[in-house]
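Here are some friendly notes to read with the model open beside you. Take the points in order and find each residue as you go.

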Amino acid sequence: MGWLWAIIVGFVLGLLAKAIIPGKQHSPLWLTTIFGILGAIVGNAIARAIGIAETKGIDWGRHGLQLAAAIVIVFLGDMLYMAVRGNKRQRA
């Protein structure tokens with residue numbers, strides 16, 4: 001059940017990050033989900049490092065850090081995806 005939950009959270013975080021980033025992102029949905037999963041992992045690690053990983057009630061700080069990390073990862077990952085994809089098109 002843990003993997004399914006990670007995929008769902010990654011999917012939602014990836015889509016939210018894509019919606020927040022201005023302009024069009026070209027990475028496919030499966031890659032956006034992976035970027036979202038990575039954002040959740042990085043956000044959790046940062047929250048744990050600064051001591052807000054677990055609080056009473058809803059962990060808004062942790063969720064905010066997850067979203068912020070997902071935004072950065074989706075942005076950078078999409079740039080990398082387009083650089084690699086563009087190079088493949090030029091060679092063909």
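1. Helices α1, α2 and α3 each supply at least two residues of the lining of the largest pocket. A pocket here is found on a 1 Å grid over the protein atoms alone: it is an open set of points where a 1.4 Å probe fits, with protein on both sides within 12 Å along at least five of seven lines, and a lining residue has an atom within 4 Å of a point. The biggest contribution to this lining comes from α1, with eight residues. Helices are DSSP runs (H or I, at least four residues), and strands are runs of E with at least two; both are numbered from the N terminus.

2. Before you go further, please note that this is a predicted model, in which local features need pLDDT of at least 70 and side-chain atom pairs count only at pLDDT 80 or more, while totals for chains, interfaces and linings use all residues. Residues are numbered from 1 along each chain as its sequence is written, and side-chain values use heavy atoms, with hydrogens and water left out.

3. How much space lies in the largest pocket? About 370 Å³, where a volume is the space filled by probe spheres set on the grid points, which are joined across faces, edges and corners. The lining has 16 residues, and those closest to the pocket centre are Trp5, Val9, Leu13, Ala40 and Gln66. Sorted by class, the lining holds eleven nonpolar, four polar and one charged residues. For this count, Ala, Val, Leu, Ile, Met, Phe, Trp, Tyr, Cys and Pro are nonpolar, Asp, Glu, Lys and Arg are charged, and the others, Gly among them, are polar.

4. Now step back to the whole fold. The protein has three helices and zero strands, and its pattern along the sequence reads α-α-α. Its C-alpha atoms fill a box of roughly 55 × 25 × 20 Å along the principal axes. Of its 92 residues, 27% count as buried; buried means under 20% relative accessible area, exposed means over 50%, and partly exposed lies in between (1.4 Å probe, protein chains only). Take the contacts (heavy atoms within 4.5 Å) between residues at least 6 apart in sequence: 62% of them join residues at least 24 apart.

5. Which residues make up the largest nonpolar core? There are eight: Leu13, Ala17, Ile21, Leu31, Phe35, Ala40, Ala70 and Val74. The elements giving two or more residues to this core are α1 (2–20), α2 (29–50) and α3 (60–91), and α2 gives the most, with three. Such a core is a set of buried Ala, Val, Leu, Ile, Met, Phe, Trp, Tyr and Cys residues joined through side-chain atoms within 4.5 Å. As background, nonpolar side chains tend to be buried together in soluble globular proteins.

6. Look next at Ala40 and Gln66. Beyond its neighbours within four places in sequence, Ala40 is in contact with Val9, Leu13 and Gln66. Gln66 sits in helix α3 and counts as buried because its relative accessibility is 7%. Not counting residues up to four places away, Gln66 touches Leu13, Gly39, Ala40, Gly43 and Asn44. Ala6, in helix α1, lies 34 residues from Ala40 in sequence, yet their C-alpha atoms are 8.4 Å apart. Ala6 is partly exposed, at 26% relative accessibility.

7. Is Gly14 buried or exposed? Gly14 is buried, at 0% relative accessibility, and belongs to helix α1. Leaving out residues up to four places away in sequence, Gly14 touches Thr32, Gly36 and Val74. Its C-alpha atom is 9.1 Å from that of Ile73, 59 residues away along the chain.

8. Ala53 counts as buried because its relative accessibility is 18%. Besides its neighbours within four places in sequence, Ala53 is in contact with Ala47, Arg48, Asp59 and Arg62. The side chains of Arg62 and Asp59 meet in a salt bridge (3.1 Å, N to O), and a search of the whole structure finds one salt bridge. The term means a side-chain nitrogen of Lys or Arg within 4 Å of a carboxyl oxygen of Asp or Glu. Asp59 is buried, at 10% relative accessible area, whereas Arg62 is partly exposed, at 21%.
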